[in-house]
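This briefing goes through a structure topic by topic, for a reader who works with coordinates. The sequence and the structure come first, and the notes follow.

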Amino acid sequence: MQASVLLLKPKNLVEIIKIQTTILKSIHDFMTDRGFLQLMPVLTSTVTDPLWPDPGSTIEGTPKIKYAGRELTLTQSMILHKQVAVAMGLDKIYIMSPNIRLEKSFRKITRRHLFEFTQMDFEIKGASMDSVMSLVEDLVIYVLERVKKERAEELEKLGRDLKIPSKPFPRYTSHEMIEKYGKEWEETASKLHDTPFWVTCFKREFYDREDPERPGHYRNYDLIYPEGYGEALSGAEREWEYKRIISRITADGLDPKNFEPYLALAREGLLVPSAGAGIGIERLVWFATGAEHIGDIQPFRRVPGEEIFL
Ligand code: AMP
Ligand code: MG
């Protein structure tokens, strides 16, 4: 192994990975107790999340590989696969899903971006945004309580005083956030809160459902950590009807050809209503441990714009 990797070993790595292990175990316990089935991740595919037009996304492009005479994309998120899995009769699913997102180099300074990370991505047939938000609140409280109880020694060594939030978390709309803190509201609002909070209603990717009763409003939601840690999770109720999906794809300036295998199912009326979300694992470990930069929780750093050693 290169000596440089060992020299770059994050401070308190063992304590951090112990906390990460408790976080992963408690997520699995929570999800399986609630009746979710776990799917294996998909890493190569004919379709992936376009991450456009998400105002938070700044990728250089979608990574592609050539295999067996065709082009496949690497997974940016499994959102489209989740919808199809639910349509297969898997009503409540979760996946520890590795995502590759070629974040632009300047994102090194946000302290919360990696170009390779894992999200715990879940989806529930027929669910409403309120029921998903309530489930996420229970999950976050459960995981943080277990970390506090089972890893008290490690938290103390890290000097992290982890506060357990109480339900329900505060809720705002993105319009309220922009009005109060401007377009770059995420970091400012996060610093001014001492509890996780929700922000709802974003105009972003085509699969997040537009409110049929209030066009121009969206039934989606982000969970934001307090203390400046920023976005924890994004989720939404989903579009499932072909005519709505295709009109959103077209309005976003995306090429429908890139989504054809998924669109073919929608066209046949085979997609079903669902809602879900994805919570970033490294972000959760970063928040729980109070590390300075998200890369500081990784034995093998994957920070945009930094050297990659191993
Ligand atoms: P998204 O659906 O794009 O919001 O991604 C779901 C979650 O994954 C986010 O809320 C973050 O917790 C996490 N995430 C997204 N992009 C990154 C990134 N570049 N680095 C680390 N975590 C990320
Ligand atoms: Mg997001």
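Strand 10 supplies the largest share of the shell around ligand 1, namely four residues. The model is predicted, so local features need pLDDT of at least 70 and side-chain atom pairs count only at pLDDT 80 or more, while totals for chains, interfaces and linings use all residues. Residues are numbered from 1 along each chain as its sequence is written, chains are lettered from A and ligands numbered from 1 in the order in which they are written, and side-chain values use heavy atoms, with hydrogens and water left out. Helices (H or I, at least four residues) and strands (E, at least two) are DSSP runs, numbered from the N terminus.

**Ligand 1**

- The shell around ligand 1 holds 14 residues, and the closest are Arg-101, Glu-103, Glu-231, Ala-232 and Ser-234. A residue is near a molecule if one of its heavy atoms lies within 4 Å of it.
- By class, the shell around ligand 1 divides into four nonpolar, five polar and five charged residues. Ala, Val, Leu, Ile, Met, Phe, Trp, Tyr, Cys and Pro count as nonpolar, Asp, Glu, Lys and Arg as charged, and the others, Gly among them, as polar.
- A side-chain N or O atom of Arg-101 is 2.6 Å from an oxygen atom of ligand 1. A polar contact is a pair of N or O atoms within 3.5 Å; within protein, one must be able to donate a hydrogen and the other to accept it, and residues adjacent in sequence count only if both atoms are side-chain atoms.
- Backbone atoms also take part: an N or O atom of the Leu-114 backbone lies 2.8 Å from a nitrogen atom of ligand 1, and a polar backbone atom of Gly-280 is 3.2 Å from an oxygen atom of ligand 1.
- Of the 480 Å² of accessible area that ligand 1 has on its own, the protein covers 92%. Accessible areas come from the Shrake-Rupley method with a 1.4 Å probe; for residues, only the protein chains shown count as cover.
- Strand 6 (116–125), strand 10 (230–237) and strand 11 (274–280) are the elements that give two or more residues to the shell around ligand 1.

**Magnesium ion**

- Glu-231 (OE) and Ser-234 (OG) coordinate the magnesium ion (ligand 2) at 2.2 to 2.3 Å. Donors are N, O and S atoms within 2.8 Å of the metal (3.2 Å for Na, K and Ca); water is not among the atoms, so sites may look incomplete.
- Glu-231 is partly exposed at 24% relative accessibility, and Ser-234 is partly exposed at 23%. Buried means under 20% relative accessible area, exposed over 50%, and partly exposed in between (1.4 Å probe, protein chains only).

- Strand 6 is largely enclosed by the rest of the structure, because seven of its 10 residues are buried.
- Strand 5 and strand 6 run antiparallel and are joined by nine bridges; Ser-97 has Gln-119 in strand 6 as its bridge partner. Two strands pair if DSSP finds at least two bridges between them.
- Strand 6 and strand 11 also run antiparallel, over seven bridges, and Glu-123 has Gly-276 in strand 11 as its bridge partner.

- An open sheet of three strands has the order 2-4-3, with antiparallel pairing. Strand 2 (44–45) and strand 3 are at the edges with a single partner strand each, so one side of each has no neighbour in the sheet.
- Two bridges join strand 2 to strand 4, with Ser-45 opposite Thr-73 in strand 4.
- Strand 3 (residues 64–67) pairs with strand 4 (residues 70–74) over four bridges, and Tyr-67 has Arg-70 as its bridge partner.
- Strand 3 and strand 4 form a hairpin with two residues between them, and Ala-68 in the turn has a positive phi of about 50 degrees.

**Backbone exceptions**

- Most residues other than glycine have a negative phi, and most peptide bonds are trans.
- The Trp-52 to Pro-53 peptide bond is cis, with omega near 0 degrees; Pro-53 lies in the loop between strand 2 and strand 3.
- The Lys-167 to Pro-168 peptide bond is cis, with omega near -10 degrees; Pro-168 lies in the loop between helix 5 (152–158) and strand 7 (171–173).
- Arg-111 is not a glycine but has a positive phi of about 75 degrees, and Arg-111 is partly exposed at 24% relative accessibility.
- Cys-201 has a positive phi near 65 degrees and is buried, with a relative accessible area of 6%.
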